[in-house]
2 protein chains.
Amino acid sequence: MGHTVIFQPSGRRGTVEDGVNLLEAARQLGVDIESPCGGARVCGKCKVRVEEGDFEKFGIISKASNLSALMEEEREELEKGEVEKNYRLACCTSVQGDVLIFVPEESRGAQQVILETGRERDISVDPIVKNYYIEMVPATLDDQTDDFMRMKGVLAEKYDLHNVDYIDYFVTVNLPETIRAADWKVTVSIWDDKEIVKVSPGLVEDPWGVAIDVGSTTVAGYLCNLRTGESTVKKSMMNPQITYGEDVLSRITYSMMNDDGLEKMSSAMIEGINNLIKGMAEEAGLSVEDIVDLTLVGNTAMHHLLLNIDPKYVGRAPFAPAFKCSVDFKARDLGIKMNKASYVHWLPIEAGFVGADNVAVLIAEEPYNQDGMMLVIDIGTNGEIVFGNREKLFSTSCATGPALEGAQIRFGMRAAPGAIEWVKIDPETKEPKFKIIGEEDWFKEGDEPLAKGICGSGIIDVIAEMFKAGVIDKTGRFNKKLDTPRIRHGEDGKMEYILSYARETSIGKDITVTQGDVRAIQLAKSALYCGAEYLMEKRGVSKPDQIVLAGAFGSYINKESAMVMGMVPNCNLDNVNAVGNAAGDGAKLALVSKAKRAEAQKMALDVEFIETATEPDFQERFANAMAFPHRKHEFPSIQHILDKIPQK
Amino acid sequence: MGHTVIFQPSGRRGTVEDGVNLLEAARQLGVDIESPCGGARVCGKCKVRVEEGDFEKFGIISKASNLSALMEEEREELEKGEVEKNYRLACCTSVQGDVLIFVPEESRGAQQVILETGRERDISVDPIVKNYYIEMVPATLDDQTDDFMRMKGVLAEKYDLHNVDYIDYFVTVNLPETIRAADWKVTVSIWDDKEIVKVSPGLVEDPWGVAIDVGSTTVAGYLCNLRTGESTVKKSMMNPQITYGEDVLSRITYSMMNDDGLEKMSSAMIEGINNLIKGMAEEAGLSVEDIVDLTLVGNTAMHHLLLNIDPKYVGRAPFAPAFKCSVDFKARDLGIKMNKASYVHWLPIEAGFVGADNVAVLIAEEPYNQDGMMLVIDIGTNGEIVFGNREKLFSTSCATGPALEGAQIRFGMRAAPGAIEWVKIDPETKEPKFKIIGEEDWFKEGDEPLAKGICGSGIIDVIAEMFKAGVIDKTGRFNKKLDTPRIRHGEDGKMEYILSYARETSIGKDITVTQGDVRAIQLAKSALYCGAEYLMEKRGVSKPDQIVLAGAFGSYINKESAMVMGMVPNCNLDNVNAVGNAAGDGAKLALVSKAKRAEAQKMALDVEFIETATEPDFQERFANAMAFPHRKHEFPSIQHILDKIPQK
């Protein structure tokens, strides 16, 4: 005898056999109800509500009495008043007649991930490491089955897992004791439905993972709940290798000039990552052993330097890396302190100079799912550019230097409290306004003097504003004729613009933008512009339909400023989006979704890398692109802004 | 255009295309020719001979001139005179007409393994780790393929390996440097055709592996060439855990009574194994990094104690182990010093008290391939018995104690130089003869006095001979009425038999067999006999068709002695074989054959374990079996021997 069961809000319906419990009914009808304990009646997460009434359009009369009687376990788990409102635990409730069931938001399986960039992604949360709660029948003289096989049996029966054929050595070491001390009730953390990487006593609902974007300058980490996909803690640090060299090439050189150089840089990085993980775990009230998965992204040099692989050959022609494919190595082999038996996943590398960070940007922005032509620019110490659409993608890499991240700039700094992140300059008075990270409003006279320096987004803003206000001309030179106290000769005899007076800062000196800073930014933006231009040509397209500006700035860059300084090609400003650290987003997506990892591996092979710096006319183009937009017809989208720029 | 090619001695023939080289022709026709370098013309191992003449019955005229011209590489590799005898290297020689090729013994792929026990096994040498020599095209700016992918490409093309998807982390660390320093010519050691575990510069023909039988008392190791299947070095040592307890149960107890007991015993074992491996490698002129595979067998307690898994629950009811299936753990995780990236393979466990050593005996003796009923008795500190045939096998375990290995015997010792291994006693004079390990002949007056003690086979011999000569009676008691200087009261007041006078020994005292020794052997043999009896009953059979006596005695035991003392049930003596360390044989077979590993896993699950010690009539049967054979009708096979025993 069957009964009709309807689940709302999904509307899925079907017939289930008499006596089937609601959790099983949901599974049969493809409805995802949260159930960390797998229906063992201990977690209380599978709360649902029976809707009573005559649902004529579905042809059923739903009654609370069409379900089995309330169990003791339900009384314990349900909150005050919920029983009266017909709330039940799906695992405790069997179907004895037609019912319409409402699954509240909090009981639904996670299907959405909120990215670092604030956007939401409809992806199924399906991490490679999942927790399974099992209760075993204890061993007896008549059933001397070994512990591993006993676990496998319950996993197969209860969760339909039939390929759990491996168990990490270090899990076996404490296995008999763990199982028996927990009275044969344990939570098994399984990697890829194949290998047991942790066995914890009792019910552990949430497996935790960490995603790390290993930038040359900044390392950003995200602690995520692998069950819900939520990212609860975020931390970043300076890349500790920076002591050995500001950019990638100087670090590779350091490793070549010093016998223990590679070892030192690798250890420094691992130690840094261990601190980062520990800090995040502590903030969430976890121990590092609770972290059962880790994804890493970074450029090819960071990849080799972290893995203690000699980066020498990555730094010189023909630039072939040791390996490009994604890999899963045991955390312990890398010296990373988290659950000892767990894996660390490095996303794949695309090409010698287009690393796993760019692959992460790809899976976050999905240009391969676009009909229109998308230009993705990831701004870091190296700039990586991808252009194309679902038919074909090209990528390239540009030596931008770290200027756009705030490094190699007189008062440049990491995006951190005290950094000036946004700037406006009055075109008449040339007086600036600025906003500091950590403060709600724009800085005004009388506020606490907190400014310490300028971060990447601030640098881009201030240079664009200086150009718009006529402080610098199209070649980047200061306009010496301006009559404003904001412009002066610096100690090096060259011109500089005073963004913040000493009294407004916490460092006791004027924060200025120098001629050298302007040049550094011009070099960087020109490299990006040329790279984009080559890829568009290669694809036979004169203009992107949309532009994505990504980068670990901490704060989003002003897309108008980016275009005003000619960092990106012309595009309708409405279709330009600054998304922040998309590489971090990609690392997180790979952490919570197996499908995204597969996508990354596929895309790393599909994207075609173009070496642009060796093009014969590169030098000429690069020199031309140094100037700020002045051939106005090239930038119709910002014509109205360019028109207002005062002429000398 | 095709040519007929015939390979002798296999007689395989077929048509190959013009210009195909002989190595490829052999592959096409299913003929196995040695070729460690994979046809790269550097190893000289694929030597073959062209037979000239009119082979009418095959319809071909074979001529040396039907092959391509001799190459420079062949002149270098072929020995003096071989060119004249039409020897060629198969990889250098292409077919241009009909030929009959003879493949000499040394060029044929290995198909036979010589076991420790002296017997030969026709198994295909197909180890899980194999070496593949490859020559890569160096990376260029036009081909920036990464190193791993480049290796995979050549492996797929040259060796048809398409699933080499993994590379161990520690192999990647030095990969770029290794490959380039070796001018892109390397040997890749691959585990299970899936994972790269070593990359060595240049051509390395032979991968090496070690098989270890971890006995409670003795640990025996075998170094094997994984290409040829040959075992070149053998070494054994006392189990270093013996300091913590003579037998399994006392070691388990030690681990329970001492906080660091398990850790200490595990470390002692690993250290011992590391020394054993190092010693064998050095003897063969290898480094431990050359060892790319290791198989381990041992009883369940040894398994847990070596792996640092708490053995507490293995020692008490219900005796469920942590896991029974075979496992592959990385050597480095266990602290075993060999090639860092390689795996250690533990053969599967059958049941709590029937360990991987017994599974090894199974795959060495193959009772599951017999039509007749086979009884396999593996004598160690624990005795394991298997009985049955291809239809069904039962197993059990008997607490024999280490007496049959020479331990717990007044003058017992390990099978080593100086141990008395064989004994005869004159039934009239009661005077003994004995043979010492390391000496060619039986000991005689005037020989160098080398005897130090008695090993397992000697103990079995001397007790049986004492019974046959009437020195002890059917109950094991000394016959006090005998008038011989060989029998005296020992220091403990009990009777003893002088096997060797002090002047004949290197220890300066008489080597005697005491009443206590006789009792210890009686307990052990009774346990084995009862175990066999239960299994035969279970299988509904009164008598085995053949008996295999296995054990790490070092020397083979005398099967007649074993039956005379009633250690084994009645069986035609021609069908009783003492085979030595069959567990070691099994470990070696698993080392050189993937198929044998699979067989082990299957058999471990198929054999049904019977707990005999809990049978209600066990005590009674055990007591009965203590006596030496006297109910003569029970042992018709040795009736003629029993008839001659002097009656008191």
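## Helix crossing and chain pairing

The crossing of helix α10(A) and helix α15(A) is right-handed. The model in which this is seen is predicted. Two packed helices are described by the angle between their axes and the distance between the axes. Here the axes come within 9 Å and cross at roughly 120°. The table lists the two helices with the residues that make the contact.

| Helix | Residue range | Contact residues |
|---|---|---|
| α10(A) | residues 356–365 | A:Val359, A:Leu362, A:Ile363 |
| α15(A) | residues 594–606 | A:Lys596, A:Glu599, A:Ala600, A:Met603, A:Ala604 |

By type, the residues of this contact of α10(A) with α15(A) are 6 nonpolar and 2 charged, with no polar ones.

The second topic is the pairing of the chains. Chain A has 35 residues in contact with 34 residues of chain B. On the side of chain A that touches chain B, at least two residues each come from α3 (147–159), α4 (169–173) and α5 (175–181). The most is given by α5(A), with 4 residues. Sorted by type, this side of chain A holds 22 nonpolar, 6 polar and 7 charged residues.

Chain A is superposed on chain B by a rotation of 180° with 0.0 Å of shift along its axis, at an RMSD of 0.1 Å. The two copies are therefore related as by a two-fold rotation axis. Both copies use the same surface, as 97% of the contact residues of chain A recur in chain B. Among the residues of chain A, A:Asp333 comes closest to the rotation axis, with its C-alpha at 4.6 Å.

Technical notes: Residues numbered from 1 in each chain as written. Chains lettered and ligands numbered in written order. Predicted model: local features only at pLDDT ≥ 70, side-chain atom pairs only at ≥ 80, totals over all residues. Axes fitted to C-alpha atoms, helices over the stretch in contact; angles between N-to-C directions. Left-handed = near helix turned anticlockwise from the far one by under 90°. Contact = placed C-beta atoms within 7 Å. Nonpolar A, V, L, I, M, F, W, Y, C, P; charged D, E, K, R; others polar. Least-squares fit on C-alpha atoms with pLDDT ≥ 70 in both.
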